[in-house]
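Morning, everyone. Please have the sequence and the structure open while I talk.

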Amino acid sequence: MNLTVKAKDGSDAGSHEVGFDVIENAKGTQAVHEVVTAYRAAQRSGTAKVKNRSEVRGTGKKPWRQKGTGRARVGSRRNPVWRGGGVAHGPVPRDYSKKINSKTRKLALRKALGERIKDGDVIVVDDLVLESKKTKDFVKLMASLKVDSGASILLVDRADNENLRLGSRNVPGVGTETGETLNTYQVLLYDKLIFGKDAFEEVEKRLK
């Protein structure tokens, strides 16, 4: 599969053959689901905490004798049934992260990126370096590439491309990432994926 490489003015600057096998069938769909689920689970802080009956403040004395009062038997004022008592089966701090092996991660990224390429949502630009860090230069670049101003965009380029990061940070719905750290969730989250040619080749190396 070939991709048309664009210049910054929107003109064609050649073509690039995708350097990894694009999955044509349903293979990899489950891997995508597992990786995205694990990614979202890992974003949870897991710090929710309530006090159980052993942790709440209060006496341990039995409120009244077991028999003879006519009232229901009760052993503690910290009983979860009582106001001010502990919480039964409440949340406690925990780790929500899930282990996903490297082969599954690679398969999921290859599947997700391949589908976005087939849908025409991936743009490879010969050089994504901006002349300055001004937002207007970034907006001009997007207009040249004919990217809808209302679309969410992920820019993938080298980590040292400071002008691109600074020029795009004030534009709503725009994110930046590097080819070394791009993940499946990001590939699926944005409407358009715009790669610098070097960054796209870096992703290809990861997926070979």
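I'll go through the sheet, the helices across it, the cores, and then a few single residues.

Some ground rules. This is a predicted model: local features need pLDDT of at least 70, side-chain atom pairs count only at pLDDT 80 or more, and totals for chains, interfaces and linings use all residues. Residues are numbered from 1 along each chain as its sequence is written, and side-chain values use heavy atoms, with hydrogens and water left out.

The sheet comes now. It is open, has six strands, and its order is β2-β1-β3-β6-β4-β5, with mixed pairing. Helices (H or I, at least four residues) and strands (E, at least two) are DSSP runs, numbered from the N terminus. Two strands pair if DSSP finds at least two bridges between them. The edges are β2 and β5 (174-177), and each of them pairs on one side only. On average, neighbouring strands are turned by 30° against each other, direction ignored. The axes behind such angles are lines fitted to C-alpha atoms, for helices over the stretch in contact, and angles run from 0 to 180 degrees between N-to-C directions.

Which way do the pairs run? Take β1 and β2: they are antiparallel, with four bridges. There, Leu3 stands opposite His16 in β2. β3 and β6 run parallel, also joined by four bridges. Val125 faces Gly196 of β6 as its opposite residue. β4 and β6 are parallel too, over four bridges. Leu154 has Leu193 of β6 opposite.

How much of β6 is covered? Mostly: four of its five residues are buried. Buried means under 20% relative accessible area, exposed means over 50%, and partly exposed lies in between (1.4 Å probe, protein chains only).

On to the helices. α2 lies across β1, β3 and β6, at about 100° to β6. α6 lies across β1, β2, β3, β4 and β6, also running at about 100° to β6.

Look at α6, residues 197-207: its buried residues are Ala199, Phe200, Val203, Glu204 and Leu207. Why are they on the same side of α6? Because they cover an arc of only 150° around the axis. That arc is taken from the directions from the helix axis to the C-beta atoms. In general, an α-helix has 3.6 residues a turn, so residues three or four places apart point the same way. What covers these buried residues includes β1 (2-6), β2 (12-17), α2, β3 (122-125), β4 (153-156) and β6 (192-196). Contact means heavy atoms within 4.5 Å.

Now the cores. A nonpolar core is a set of buried Ala, Val, Leu, Ile, Met, Phe, Trp, Tyr and Cys residues joined through side-chain atoms within 4.5 Å. The largest one has 22 residues, and those with the most contacts inside it are Leu113, Ile117, Val122, Leu193, Phe195 and Phe200. β1, α2, β3, β4, β6 and α6 each supply at least two residues of this core. A second, separate core of 14 residues includes Leu130, Leu155, Leu164 and Ile194.

Pick out Val122. Leaving aside residues up to four places away in sequence, Val122 touches Leu3, Leu113, Arg116, Ile117, Leu193, Phe195 and Phe200.

That list brings in Arg116. Arg116 sits in helix α2, residues 102-118. Buried or exposed? Arg116 is buried, because its relative accessible area is 9%. A polar atom of its side chain lies 2.9 Å from the backbone oxygen of Tyr190. A polar contact is a pair of N or O atoms within 3.5 Å; within protein, one must be able to donate a hydrogen and the other to accept it, and residues adjacent in sequence count only if both atoms are side-chain atoms.

Lys118 is also in α2. It counts as partly exposed, because its relative accessibility is 33%. Its side chain reaches the backbone oxygen of Ile23 at 3.3 Å. Lys118 and Val22 are 96 residues apart in sequence, yet 8.9 Å apart in space, C-alpha to C-alpha.

Last, two loop residues. His89 is in the loop between α1 (29-42) and α2. Phi of His89 is near 60°, a positive value in a residue other than glycine. His89 counts as exposed, because its relative accessibility is 84%. Lys146 is in the loop between α3 (135-144) and β4. Lys146 is not a glycine either, and its phi is positive, about 60°. Lys146 is exposed, at 77% relative accessibility.
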